[in-house]
Structure formats: C-alpha cells, structure tokens
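Let's take a walk through a protein model together. Have the sequence and the 3D view ready, and look up each residue as we get to it.

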Amino acid sequence: MRARLLWKASEEVSIFDWIAGICSASVVERRFSVKFAPAMLQINAERLWASLMELARIGATPKGGVRRLTLSDVDRQGRDLFVRWCTEAGLAIEVDRIGNVFARRPGTDAALPPVAMGSHLDSQPSGGKFDGAYGVMAGLEVLRTLNDAGIRTRAPLEVVSWTNEEGSRFVPTLMGSGVFAGVFPLESIYESKDVDGVTVRDALKQIGYAGNAASHALGAYFEAHIEQGPVLEETKTTIGVVLGALGQRWFDVAIAGQDSHAGPTPMETRKDALVAASRLVLEVNRIATAFPDYARGTVGFMQVKPNSRNVVPGEVRMTVDFRNAKDKTLSAMCDELDVSISRVEKELRVEIEKKQVVYFPPSEFAADLVDSVRAGSKALGYSHRDIVSGAAHDAVYMARVAPTAMVFVPCEGGISHNELESARAEDLAAGCNVLLQAVLKKAGTA
Ligand SMILES: [Zn+2]
C-alpha cells in the first residue's frame, strides 16, 4: 500500500514534468527534489483501525456506538486498555490530579518540552466510536510507527488522554484540559457532582485515576479529530487544516414598547416591540453575512408579549448568538449591532436592552504548526482545505498554554454525538500520517 502510493506520486510528477518540458529549470529542480527526497514514513493503517475497533468494544452499544461516560467503570476499562498499549510500546505513564493520562516517549534532548498529541476517551451517553478516541489512538499510532522505524526525536513526545471532554456526566465540558491549562481551579472542579451526587473527586478515586503528576510545559499540542460537520465530505476533501475555533458572544435582548389596541392605534404612533425585533433579526443576519472570518449570527429564541392577535406587542425577549474566528471581528460585529439597535430604538420609539451572557474568545492556532499540517497534507498527496472548528475541543484550551494545531478528517454525513457516527479507515490513516509529519517537523529528528 505504502510503496504503491509513493510510486504513484512520483509517477505523476514525472509525467507532469515531461509534458511541461525540460526547458524550465525550476521544473527540473522540482523533479529532482521530489525524486531524491527520502521516502516519507507512513503509519500502519490496519493497526490504527484495529485499535479503534478494539477500544470501541468497551462500552459498545447495540446500534454500533459507544457509551463511555467519564470516570465510570467503563471509562476505567478504556483507560486501562490505553495504558496497557502505551506500556507495551515502552512509554512512561503519568496521571495528574484531574486524571489526565500522559504517555511519554523520551527524546534525545531531555531539556526540550514534550510535543504532545491527544484527545479524549470519554463519550456522550449515546456516542460514536471516533469522537475523541481517534485523536488518542492516532497519537499512539504515531509513537508505535516511530518505534517500528527506530526513529528518535529530539524533543520528547507524549500522547495524552484528557478527562471529561464531553461534559455529559459532570460539568463543565473540557474539564481535564481546562484544569491543565489553568482555566478551572482544581478544588472547585473536584466538587462538581453527577445526578447521583457523586463528586469528581470520589469518582476519580473510585476508578483509580486520581494521580499526583504536576502540570508541565508543552512544546506543542496536536489534536486529530473527526470533523463532526459536513464540509470535508461535501467537498470530497481528505484533510481539514484547522485554523482555529470560533469565538462566541451570546446576548439576551429585551425590547420594551407599548401594548395597544390593533384597531384604534395609528401606525405612526405605535411602539411595536415585535416590529423592532424583526428588524433586529434581519440585522443579525445581515451582519453575519457581511463580516469576514467565518462570521455566524443567529437569533434562535424569541418571546412575544402579550402574544394576542389584536394587540400591538409591547414586549419581546430574544437571544443573539454571534461567532467569529477573530476576536476583533467578533467585537466589530457586536459594535455594528449596537448601531442597529440605536437606529431601531429611534425609528420605532422602543427601548432596547442588550446584555452579554456568554463570552468565549476564539482560539487561533499557531501559524507555523498550521502550516506544517498543510505542508504535510500536500507532501503526502492528500486533498486538503482550510477550515475552522465550530465546536470546542480540548485543543481550544491547550491553545492558551502551548502552540496548538488540529487535523480534521471527514465523518459520514457530518454526523457525530450519535451512535451512527462513522469514518473511513483510509481517511483516518491519512489524518494520522499528516499528524506524524507535523509532529516530526516540530519535535525534530535526532
Ligand atoms: Zn471530541
């Protein structure tokens, strides 16, 4: 499989060069640089798939998904299997105080901070086989491949499995990476309870994963993940080069007008809160369409009072959800909405109050790591496109403490958080090969 792929790539280049003619020096140069480049190391696609399938047996559901709620006994079994595989691969295991598991392969320069890869092994109550599990198994497969090839890196390498990414049994979501990145204080997280009143502290002890490893610096963090959306599949693209994750600002908006009789009240004196709200819905949509950087704007909730067919509505409560990949643009969208609000207030004789209820800054991934994901895809001959993540991942918090990048691969129908979640073995292997190249570039070879 590997030999065939490489042979095909070099053949395509040769034919292209032949057609282009040998009169162009740059083409000749390119031809030689391709021809004599060392063969690119490739991961073992069958082993990656087999590991994912064996892991998916733990907590398997009848419909083909998994139910591995965080810090449950089933989660413990998944962790134990991961730890066993890591130990067999000669990796050193550490567990920190929130139960994050780190498996380390030493580098030749112990002074360098480790380059980490990972994701999560917990799932939604009716989750799929690939969300999270793929990122952890891909990291392990990279290290197994380096072991097989006898390649040592300068920086140490780590595979990490973060505790409770899903936030389903215990809130908040992204718990383990959030504690590691200093976003959440450990003591208050320990007190978080599930519906049965069990605390995170007790659940960690119960499954034997309350460790004591100290937090440590990382030289970089890479996360491979299924896209969980439809873009890659619809555009027949193998690799999503993830530029970052969208930031979010959520608002509650209250519009105060005046209830009045639908008959006797002339149009020009009305204080119609619903007409004002309608104008704002269109403004939110216009702003999200007009602004760059993957802008999104949604009004998904509205309450009208008194909600009676022959009364001019005197009060509306609604929400606004703005998202953007760039913090500045996200703020500019909100400023533009403020301008619209002032105009609507004046023209429609209503008072509008806007209150921010959620702010989650965008994470922009490290430009050089994103470049290496793109370059790796290109060198391996995979179709690829830049993409932003609409969903949050552990990488979002890691980006606050280490240079971070993500690799997306397609999933069937864009379906995730669902037992039917599915991905193709060749796409998963492709993402893992890109991960391998990006990690080697960052960690350096001895
Ligand atoms: Zn996930």
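## Ground rules

Helices (H or I, at least four residues) and strands (E, at least two) are DSSP runs, and they are numbered from the N terminus. This is a predicted model, where local features need pLDDT of at least 70, side-chain atom pairs count only at pLDDT 80 or more, and totals for chains, interfaces and linings use all residues. Residues are numbered from 1 along each chain as its sequence is written, and side-chain values use heavy atoms, with hydrogens and water left out.

Start with Ser126, which sits in the loop between β3 (115-120) and α5 (133-149).

Take His417: along the chain, Ser126 and His417 are 291 residues apart, yet their C-alpha atoms are separated by 6.9 Å.

## The whole protein

Now zoom out. The protein has 14 helices and 16 strands, and its C-alpha trace spans about 85 × 70 × 45 Å along the principal axes. There are 446 residues, and 50% of them count as buried.

Look at contacts in the protein with a separation of 6 or more: 79% of them come from residues 24 or more positions apart. The protein exposes about 20600 Å², with carbon and sulfur atoms supplying 54% of that. Accessible areas come from the Shrake-Rupley method with a 1.4 Å probe, and for residues only the protein chains shown count as cover.

Next, find helix α3 (residues 45-56) and helix α14 (residues 425-443). Their axes come within 9 Å and cross at roughly 110 degrees. That makes α3 roughly perpendicular to α14. Here the axes are lines fitted to C-alpha atoms, for helices over the stretch in contact, and angles run from 0 to 180 degrees between N-to-C directions. Angles under 35 degrees count as roughly parallel, over 145 as roughly antiparallel, 65 to 115 as roughly perpendicular and the rest as oblique.

Which residues make the contact? On α3 they are Ala45, Leu48, Trp49 and Leu52, and on α14 they are Ala425, Leu428, Ala429 and Cys432. Sorted by type, the contact has eight nonpolar residues, no polar and no charged ones. For that sorting, Ala, Val, Leu, Ile, Met, Phe, Trp, Tyr, Cys and Pro count as nonpolar, Asp, Glu, Lys and Arg as charged, and the others, Gly among them, as polar.

Two prolines follow a cis peptide bond. The bond from Val171 to Pro172 has omega near 5 degrees, and Pro172 lies in the loop between β4 (157-162) and α6 (175-180). The cis bond joining Lys305 and Pro306 has omega of about 0 degrees, with Pro306 in the loop between β10 (302-305) and β11 (311-312).

Then there's phi. Asn164, in the loop between β4 and α6, isn't a glycine but has a positive phi near 45 degrees. At 0% relative accessibility, Asn164 is buried. Tyr294 isn't a glycine either, and its phi is also positive, at about 55 degrees. Tyr294 is in the loop between α10 (273-290) and β9 (296-298) and is partly exposed, with a relative accessible area of 35%.

Technical notes
Contact = heavy atoms within 4.5 Å. Buried < 20%, exposed > 50% of the residue type's maximum accessible area, 1.4 Å probe, protein only.
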